[in-house]
Amino acid sequence: MTNALSIGTTLNGNSIQYKIESVLGQGSFGITYKAKGFTVVKITYI
């Protein structure tokens, strides 16, 4: 598979992170991944 993300790669969004678990399939238009999503909680102390 060419240009695939590595297993364990973490993708960051605004309030959620996705960790790539596996590649489900690949075709001529893209790659489909299995990933877990984690909510990111930021705590600010005053």
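I start with a definition: a salt bridge is a side-chain nitrogen of Lys or Arg within 4 Å of a carboxyl oxygen of Asp or Glu. I keep in mind that this is a predicted model, in which local features need pLDDT of at least 70 and side-chain atom pairs count only at pLDDT 80 or more, while totals for chains, interfaces and linings use all residues. Residues are numbered from 1 along each chain as its sequence is written, and side-chain values use heavy atoms, with hydrogens and water left out.

**Entry 1: the chain as a whole**

I looked up the secondary structure and found zero helices and three strands in the protein chain; here helices (H or I, at least four residues) and strands (E, at least two) are DSSP runs, numbered from the N terminus. Read from the N terminus on, the elements run β-β-β. The C-alpha atoms fill a box of roughly 50 × 15 × 15 Å, taken along the principal axes.

I then turned to accessibility, where buried means under 20% relative accessible area, exposed over 50%, and partly exposed in between, with a 1.4 Å probe and protein chains only. Of the 46 residues of the protein chain, 2% count as buried. The chain exposes about 4,100 Å², and carbon and sulfur atoms supply 54% of that area; the areas come from the Shrake-Rupley method with a 1.4 Å probe, and for residues only the protein chains shown count as cover.

As a reminder to myself, strands of a sheet pair through backbone hydrogen bonds, either parallel or antiparallel.

I went through the two pairings in turn. S1 and S2 are antiparallel over three bridges, and they form a hairpin with three residues between them; in this pairing Thr10 stands opposite Lys19 in S2. S2 and S3 also run antiparallel and are joined by nine bridges, the hairpin here passing through four residues. Gln26 stands opposite Ile31 in S3, and Lys36 in S3 is the bridge partner of Lys19.

**Entry 2: the salt bridges**

How many salt bridges does the rule give? The count comes to two. In one of them Lys34 pairs with Glu21, the closest N and O atoms being 3.8 Å apart. Because Lys34 lies in strand S3 (residues 31-39) and Glu21 in strand S2 (residues 16-26), this pair ties together parts that are 13 residues apart in sequence. Lys34 is partly exposed at a relative accessible area of 43%, and Glu21 is partly exposed at 28%.

Lys36 also forms a salt bridge with Glu21, and there the closest N and O atoms are 3.7 Å apart. This pair links distant parts of the chain, with Lys36 in strand S3 and Glu21 in strand S2, 15 residues apart. Lys36 counts as partly exposed, with 45% relative accessibility. Through shared partners, the salt bridges join Glu21, Lys34 and Lys36 into one network.

**Entry 3: a nonpolar patch**

Which residues make the nonpolar surface patch of about 240 Å²? I noted Leu5, Leu11 and Tyr18. Patches are made of residues with over 30% relative accessible area and no salt bridge, like charges being joined within 9 Å and nonpolar side chains (Val, Leu, Ile, Met, Phe, Trp, Tyr) within 5 Å. Leu11 has its place in strand S1 (residues 10-12) and is partly exposed, with a relative accessible area of 36%.

**Entry 4: the segment before S1**

Is Asn3 buried or exposed? At 77% relative accessibility, Asn3 counts as exposed, and this residue lies in the segment before S1. Leaving aside neighbours within four places in sequence, Asn3 is in contact with Ile31 and Tyr33, where contact means heavy atoms within 4.5 Å. The C-alpha atoms of Asn3 and Gly30 are separated by 9.7 Å, although the two residues are 27 residues apart along the chain. For the chain overall, I noted that residues 24 or more positions apart account for 18% of the contacts with a separation of 6 or more.

Definitions and conventions. Two strands pair if DSSP finds at least two bridges between them.
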